[in-house]
Amino acid sequence: MASNGALDARDRAATLGQLAAGRFDVLVIGGGVTGAGAALDAASRGLRVALVEARDLASGTSSRSSKLVHGGLRYLEQFDFKLVYEALRERDLLVSKLAPHLVKPVSFLYPLYKKVVERPYVGAGLVLYDSMEGTRRPVPRHRHLSARGALKRAPALSPDRLAGAILYYDAQVDDARHTLTVARTAAAHKAVIATRVGAVEVLRGPDGTRVTGARVRDEESGRTFDVSAAAVVVCAGVWTDLVHELAGVQAGYRVRMSKGVHIVVPRAAVDSDTGMVLRTEKSVLFFIPWARHWIVGTTDTDFDGDRAEPAATEEDVEYILAAANRVLARPLTRADVIAVYAGLRPLVDPRESNGGKPTTKLSREHVVGVPLPGLASIAGGKFTTYRLMARDVVDAAVADFGRDFGREVPGSVTDQVPLLGADGLHRGEPAGRGLRGEPGRGGTPAGPVRDARRGVAQPHQVRCRAGPATGRRATVPARRGRLRGDRRGRAARGGRAHATDPAVHRVSRRGRRGGGRRGRDHGPSARLGPAAACRRDAPVPRPDRGRADGDRCRS
Ligand SMILES: Cc1cc2nc3c(=O)[nH]c(=O)nc-3n(C[C@H](O)[C@H](O)[C@H](O)COP(=O)(O)OP(=O)(O)OC[C@H]3O[C@@H](n4cnc5c(N)ncnc54)[C@H](O)[C@@H]3O)c2cc1C
């Protein structure tokens, strides 16, 4: 509800009041990265948006991923070129413009064991991978290493059979923190966002054809009430089929749950100054640097248990340890494992396939369905492509607004909307410069404003001015993945380690050098930076003429 992006428990009663009393253009069900992205996408087009999340933001899959923003090298092998191409473009946009404070380049070493065949094969794949990047090139290109060079970078590797390696780059992100930031950015664009509010019924109009909103339950009080909206967008991840049931419809696809497990080990347990990726029988295994730890995973197995509480089994952990130990000089043992977490991929399975394919072979592309007028849903996809998924599902939801409500909705502009905290960190922009050139001050959607000043054609021209810093606390987001095992205490401490990530501190220093607070980011419960108060500069198509939104920022 706050235009500064604060999502504050103290505002809960007011937020619920707004949900009950308002008439929204779009109601989003689900507060993972896709739902938060859809709320931002719709709100930044100038629509009135509400989002309800049954538990906490990012409490589903969006806090339990491998935390990579990547094209996915292995999808090239499956000839999924479109997915890799789109994902790499998104990776580059996030690193260079939309979220450089959250999405950082990371290197991976791919060890080679078959000198003659493997190097040209993997090398050709990486040439293709690098060539799919956009023109920004925020991450370096791959390079070949000898066995000696590989051991220098990763002394943890066993020299046995090692024929060399290839070093390539992708990016990583704290997924829960990123999701929270997307939601806060949507709130800064006036989206009404409520957590612990679940959709329990999808409502239809008197003639039963068009969806008119949803009945929701406040999970704190148990009270139910209706939220009225011209369109409902379902971004419920592995819960999507259940929400379709609430609407009494069946989509052309069903969501197949695939469980992925990661273990967390101390950084000292694996001596390497780069991440690593290994081929496994069915897929790949990553060693992902995570501050003072390594995240090692993942698995990919069918799952039919409790969606809310996927848990790792002994077998999952043993599988990861065995796969990792195939290449390590000093094997990892159970004693090294300080945490384990499991998440569920919401994969799309066409109904006609009857679940025949193994989950590793299912495409990671997303699918949008419109099972009823006014109801659009999305499933599949990847964290990396959340912005495209959000764009596509909102496009589908508002496609008939012209016919049914006599108003056309402008296209997506989120490729021009940096997330909160990114202002001033664009590549080539001096850190901390405000929109009017004042150091350390500025509004939220800086990108479009700056571009507009440079004369680049913009979907909507805006001018923003800095507002006062609020000093309010943001809510702490979802817990990270579920921690298991007898070393839970240590694991919990480990889960916070990202806050001390040197990369985060680098951003802080840039922010301070620029004299402002905007470059700083001290984690999910950080104090918020300056608020943006924005006004429309040029007329833009107004989705709702009756709305008093003079201070809405359209970017
Ligand atoms: C192990 C693993 C590793 C992965 N690694 C990567 C990676 O490295 N890179 C990458 O790009 N992708 C990765 N992914 C994929 C990525 O994490 C997911 O595609 C993405 O997080 C899905 O987000 P989502 O918003 O669609 O779903 P979710 O995050 O699950 O959000 C759905 C939300 O809907 C809410 N909800 C459900 N029903 C209702 C209701 N009735 N009312 C209100 N709210 C409701 C839920 O509480 C939940 O918060 C990985 C996935 C897994 C499982």
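Trainee: Which residues form a nonpolar patch on the surface?
Mentor: In this predicted model, the patch consists of Phe-79, Phe-81 and Leu-128. Together they have about 310 Å² of accessible area.

Trainee: Where is Leu-128 placed?
Mentor: Leu-128 belongs to helix H5, which covers residues 115-131. Leu-128 has a relative accessible area of 34%, so it is classed as partly exposed.

Trainee: On to rings. How many aromatic pairs does the structure hold?
Mentor: There are 5 aromatic pairs. One of them joins Phe-108 and Phe-286 in an edge-to-face arrangement, 5.3 Å centre to centre with 65° between the planes. This pair links distant parts of the chain, since Phe-108 is in strand E4 (residues 104-112) and Phe-286 is in strand E13 (residues 284-290), 178 residues apart.

Trainee: Are Phe-108 and Phe-286 buried or exposed?
Mentor: Both Phe-108 and Phe-286 are buried.

Trainee: Why is the pair of Phe-401 and Phe-405 edge-to-face?
Mentor: The ring planes of Phe-401 and Phe-405 are at 85°, with the centres 5.2 Å apart, so the pair is edge-to-face. The cut-off for that class is over 60 degrees. Both residues lie in helix H11 (residues 401-405), 4 residues apart, which is about one turn of the helix.

Trainee: And how accessible are Phe-401 and Phe-405?
Mentor: Phe-401 is buried, at a relative accessible area of 0%, whereas Phe-405 is partly exposed, at 32%.

Trainee: Which residues do ring pairs link into a cluster?
Mentor: The cluster contains Phe-108, Tyr-129, Tyr-168 and Phe-286.

Trainee: What sits over the ring of Trp-290?
Mentor: The charged end of Lys-67 does, 6.0 Å from the ring centre. Elsewhere, Arg-267 lies over the face of Trp-294, at 4.8 Å from the ring centre.

Trainee: Let us turn to salt bridges. How many are there?
Mentor: The count comes to 30 salt bridges. Among them is one between the side chains of Arg-45 and Asp-395, at 2.9 Å from N to O.

Trainee: Is Arg-45 buried or exposed, and what about Asp-395?
Mentor: Arg-45 has a relative accessible area of 1% and is therefore buried. Asp-395 is partly exposed, at 35%.

Trainee: What does the side chain of Asp-302 meet in a salt bridge?
Mentor: It meets the side chain of Arg-256, again in a salt bridge of 2.9 Å from N to O. The pair links distant parts of the chain, with Asp-302 in strand E15 (residues 301-302) and Arg-256 in strand E11 (residues 253-266), 46 residues apart. Arg-256 counts as buried, at 6% relative accessibility.

Trainee: With which residue does Arg-334 form a salt bridge?
Mentor: Its partner is Glu-314, and the closest N and O atoms are 2.8 Å apart. Glu-314 is in helix H9, and Arg-334 lies in the loop between helix H9 (314-325) and strand E16 (339-350), so parts that are 20 residues apart in sequence are tied together. Arg-334 counts as partly exposed, at 39% relative accessibility, and Glu-314 as exposed, at 53%.

Trainee: Finally, which residues are linked in a network of salt bridges?
Mentor: That network links Arg-210, Asp-400, Arg-403 and Asp-404.

Key. Residues are numbered from 1 along each chain as its sequence is written. This is a predicted model: local features need pLDDT of at least 70, side-chain atom pairs count only at pLDDT 80 or more; totals for chains, interfaces and linings use all residues. Side-chain values use heavy atoms; hydrogens and water are left out. Patches are made of residues with over 30% relative accessible area and no salt bridge: like charges are joined within 9 Å, nonpolar side chains (Val, Leu, Ile, Met, Phe, Trp, Tyr) within 5 Å. Accessible areas come from the Shrake-Rupley method with a 1.4 Å probe; for residues, only the protein chains shown count as cover. A salt bridge is a side-chain nitrogen of Lys or Arg within 4 Å of a carboxyl oxygen of Asp or Glu. Helices (H or I, at least four residues) and strands (E, at least two) are DSSP runs, numbered from the N terminus. Buried means under 20% relative accessible area, exposed over 50%, partly exposed in between (1.4 Å probe, protein chains only). Rings of Phe, Tyr and Trp (its six-membered ring) pair if their centres lie within 6.5 Å; planes under 30 degrees apart count as stacked, over 60 as edge-to-face and the rest as tilted. A charge sits over a ring if NZ of Lys or CZ of Arg is within 6 Å of the ring centre and within 35 degrees of the ring normal.
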